[in-house]
Amino acid sequence: MKKSMLTLLCLGMLCLNAQPFMGPERENPGHNVVQLALLLDVSNSMDGLIDQAKSELWSIVNEVSKASKNGHSARLEIALYEYGRETLTFQSGYVRKLLDYTSDLDTISEVLFSLKTHGGEEFCGAVITKSLEELKWLSNDSIYRVIFIAGNEPFNQGTINYSSSCANAAEKHIILNTIHCGDSMVGVKEFWKEGASIGKGEYFFINQNSNNYVEIETPYDSLIDAFNDSMNGTYMGYGTAGATYKMNQITQDMNAKKMGKSVAIKRASSKSNKFAYSNAKWDVVDASAADTTWVKKAKDEELPAEMKGKSISEKKAIILKKEKDRGTFSKNIATLNRQREAYINSRRQTVKAERTLGTALISAIRRQAMVKGFVFVQ
């Protein structure tokens, strides 16, 4: 528990001290943003739910990557809350914000892997209210703004009335989806379905201990892994936090591998999509792509060693080489992944998979984002 809290504290300090690059899309979001708040029950029985969040993050990212609106690729921002941790205070509603809205996928993965369950009281009304009040919601009703809350205790616990919280979300045009970890009828009786109805969202029930991943060896696995490693070599950290973020990139690759080969490959697929996986706040190549004048403005002491002392033209040449190499590795990963999926589909037996956190999110995202004008490629 102490180790988990220390990890989150260090992460918080990192996020405060770093100077993130705020690209034009974040400052002027247009209509192609997906803001997704995930509220996770971390009481003792929810280890399976946390594992699903860790392993299925990349499936969710890849699904949103298929979406576009008005010709612009969807931009995914994720916020995270935990609720039901015994070590939090009653005054807080046993609720804590872990991350405000961010597109930094490595940091999202890092926080998810730092989570440990520790039983307490699960106050759904409290965590919904805090997410509505504390998060940096974009004031644009044309974008897709959504809350997913997952847990297994009665939805009506706590001092904050869940009906008011859900109605508040609906009034703000923020869709509220509920995910009961357990039997469907229990979720209905314990107000999870009613919460979704009030919040203008959908009600799901899942088996939080299910694992739908069937590992099938393919001839493409080692190649994708090798190209992912090569792609990592094209990232050059800058600034005081650049090396830390670069190290975290490798750490999250390792974390994905711990969850299974298919998870690691889904992460590599996410990384190969420059719209989904952009790191302008710490990577030289992405920073230069986001701002063509960046290399002229960057201070020499903040640059990676291979760029220090170089002329502007030499710096641009280094960046261009890394950018071209990354594009090649990304295309190779995308091509191989398509071949891998075809190989697996031809050998997989037809089995009805249980609904999980990831499949619930993906099905809701597709239906609800399309209502907001998003188009998904197959």
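**Close-up views of the predicted model**

**View A. H173 is partly exposed, with a relative accessible area of 46%.** In this predicted model, H173 is found in the loop that runs between α6 (162–171) and β7 (175–181). The backbone of H173 has a phi near 60°, a positive value in a residue other than glycine. Most residues other than glycine have a negative phi.

**View B. K200 is exposed in the loop between α8 (192–198) and β8 (203–206).** The relative accessible area of K200 is 63%, and the cut-off for an exposed residue is over 50%. Phi of K200 is near 60°, again a positive value in a residue other than glycine.

**View C. Helix α9 (residues 221–232) packs against α14.** The two axes come within 9 Å and cross at roughly 160°. Angles over 145 degrees count as roughly antiparallel, and α9 is therefore roughly antiparallel to α14. The crossing of α9 with α14 is left-handed. On the α9 side, the contact is made by D221, L223, I224, F227, N228, S230 and M231; on the α14 side, by R326, F329, S330, N332, I333, L336, N337 and R340. By class, seven residues of this contact are nonpolar, five are polar and three are charged.

**View D. Helix α11 (residues 261–271) packs against helix α14 (residues 312–347).** The angle between these helices is about 140°, and their axes are 10 Å apart. The helices α11 and α14 are therefore oblique to each other, and their crossing is left-handed. S262, I265, A268 and S269 of α11 meet I333, N337 and R340 of α14. The residues of this contact comprise three nonpolar, three polar and one charged.

**View E. F148 and L357 have the most contacts inside the largest nonpolar core.** This core has 60 residues, and its largest share, eight residues, comes from helix α3 (residues 47–65). Leaving aside residues up to four places away in sequence, F148 touches L36, A37, L38, L39, N177, I179, L361, A364 and I365.

Technical notes:
Residues numbered from 1 in each chain as written. Predicted model: local features only at pLDDT ≥ 70, side-chain atom pairs only at ≥ 80, totals over all residues. Heavy atoms only, no water. Axes fitted to C-alpha atoms, helices over the stretch in contact; angles between N-to-C directions. Helix = DSSP H or I, 4+ residues; strand = E, 2+ residues; numbered from the N terminus. Parallel < 35°, antiparallel > 145°, perpendicular 65-115°, else oblique. Left-handed = near helix turned anticlockwise from the far one by under 90°. Contact = heavy atoms within 4.5 Å. Nonpolar A, V, L, I, M, F, W, Y, C, P; charged D, E, K, R; others polar. Core = buried A, V, L, I, M, F, W, Y, C linked by side-chain atoms within 4.5 Å. Buried < 20%, exposed > 50% of the residue type's maximum accessible area, 1.4 Å probe, protein only.
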